[in-house]
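Subject: Structure handover

Hello,

Please look it over before reading on.

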Amino acid sequence: PVPTDGAQARAVASARAGASFVLEGPPGTGKSQTITGILADQMAEGRRVLFVAEKGAALDVVRNRLAEVGLLPFSLM
């Protein structure tokens with residue numbers, strides 16, 4: 001339910017395949033959108049995910065995006 005571009009879709013697919021990777025980049029590059037896509041995909045697969053961030057603002061952005069697609073009730077925040 002989360003729109004993604006090609007690079008974001010590859011990250012979602014990598015996470016689904018169980019790959020370990022670091023998602024990094026400067027502000028405004030779509031990290032939060034990618035993380036939301038990964039979380040949504042993992043929830044759809046029935047998996048549990050622990051998402052942590054150094055900054056509370058990043059948590060807020062992801063929480064808001066999960067709410068926008070109706071997945072916040074399935075999250076503990």
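Is α2 mostly covered or mostly uncovered? Mostly covered: ten of the 14 residues of α2 are buried.

First, the basis of these notes. This is a predicted model, in which local features need pLDDT of at least 70, side-chain atom pairs count only at pLDDT 80 or more, and totals for chains, interfaces and linings use all residues. Residues are numbered from 1 along each chain as its sequence is written, and side-chain values use heavy atoms, with hydrogens and water left out.

Helix α2

Helix α2 covers residues 31-44; helices here are DSSP runs of H or I with at least four residues, numbered from the N terminus. From first C-alpha to last, α2 reaches 20 Å, close to the 20 Å expected at 1.5 Å a residue (the expected span is 1.5 Å times one less than the number of residues). The buried residues of α2 include Gly37, Ile38, Leu39 and Ala40, where buried means under 20% relative accessible area, exposed over 50%, and partly exposed in between, with a 1.4 Å probe and protein chains only. Just after α2, Gly46 has a positive phi of about 80°.

Salt bridges

How many salt bridges does the structure hold? There are three, a salt bridge being a side-chain nitrogen of Lys or Arg within 4 Å of a carboxyl oxygen of Asp or Glu.

Arg16 and Asp41 pair at 2.2 Å, N to O. Arg16 lies in helix α1 and Asp41 in helix α2, so this pair ties together parts that are 25 residues apart in sequence. Asp41 is buried, at 11% relative accessible area, whereas Arg16 is partly exposed, at 43%.

Arg16 also forms a salt bridge with Glu45, with 3.7 Å between the closest N and O atoms. Glu45 sits in the loop between α2 and α3, so this pair joins helix α1 to a part 29 residues away in sequence. Glu45 is partly exposed, at 40% relative accessibility.

Arg63 and Asp60 form another salt bridge, their closest N and O atoms being 2.4 Å apart. Both are in helix α3, three residues apart, a separation of about one helical turn. An α-helix has 3.6 residues a turn, so residues three or four places apart point the same way. Arg63 is partly exposed at 25%, and Asp60 is partly exposed at 36%.

Regards

Conventions:
Helices (H or I, at least four residues) and strands (E, at least two) are DSSP runs, numbered from the N terminus.
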